[in-house]
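Subject: Structure handover

Hi,

Here is the structure you are taking over. Please open it and keep it beside you as you read.

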Amino acid sequence: ILARAVEAYRKIRNTARYLLANLYDFDPAMDRVPHGQLEEVDRYILAKYAEIGGRILKAYEGYDYNTIFQSLNTFTTVDLSAFYADVSKDRLYTFGAASRERRSAQTAMYEMADGLTRLLAPILSTTADELWRHLPGRREESVHLGEFPRDLQRFGDPPLVERWQALI
């Protein structure tokens, strides 16, 4: 049981570190790409994040911590790590630093890193604090003073998710 918990935590932490590592030159005030101009794969992963985020917020309201952890674990290991990180590497590492395609991926990563850090805070407080200190942009002094993401529906796109799920 402990080994599984440690492995799940390690995967969540490493995926969050990957998101942060790719934001080293990203300033959300200057570099954020408008949602309608994001690459389709970036809109897809944000739509998946919106689904998971909504499920997690509902689980917090019901004190259902198992659903919170399982949702975070599945999203970070399957959707983010095994899929999105893999298909985004080329854009992040070979495209021009200020190219729209690279900034599109960074925009998606920033939105997810910010929101997931907020959602992690009650259950992985030290990890969330560490992530919070390294996120680019201006925000509250502590993740524990911030609020959960409440505007996730702006990323929702069920037809896009359905099309990408079929493709995947």
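Below are notes on a cavity and on a helix pair.

This is a predicted model: local features need pLDDT of at least 70, side-chain atom pairs count only at pLDDT 80 or more, and totals for chains, interfaces and linings use all residues. Residues are numbered from 1 along each chain as its sequence is written, and side-chain values use heavy atoms, without hydrogens or water.

**The cavity**

The whole structure was searched, and one cavity of 30 Å³ or more turned up. (A cavity is a set of points on a 1 Å grid over the protein atoms alone where a 1.4 Å probe fits but cannot get out; lining residues have an atom within 4 Å of a point.) The largest cavity holds about 100 Å³ of space, the volume filled by probe spheres set on the points. It is lined by 14 residues, and Ala-16, Leu-19, Leu-116, Leu-120 and Leu-131 are the closest to its centre. Helix 1 (2-21) gives at least two lining residues, as do helix 4 (65-94) and helix 5 (100-120). (Helices are DSSP runs of H or I, at least four residues, numbered from the N terminus.) Helix 1 has the largest share, with five residues.

**The helix pair**

The axes of helix 5 and helix 6 (residues 125-134) come within 8 Å and cross at roughly 150 degrees. (Axes are lines fitted to C-alpha atoms over the stretch in contact; angles run from 0 to 180 degrees between N-to-C directions.) The two helices are therefore roughly antiparallel, the word for angles over 145 degrees. In helix 5, Asp-114, Thr-117, Arg-118 and Leu-120 meet Ser-125, Ala-128, Leu-131 and Trp-132 of helix 6, with contact meaning heavy atoms within 4.5 Å.

Best wishes

Technical notes. On a 1 Å grid over the protein atoms alone, a cavity is a set of points where a 1.4 Å probe fits but cannot get out, and a pocket is an open set with protein on both sides within 12 Å along at least five of seven lines; lining residues have an atom within 4 Å of a point. Angles under 35 degrees count as roughly parallel, over 145 as roughly antiparallel, 65 to 115 as roughly perpendicular and the rest as oblique.
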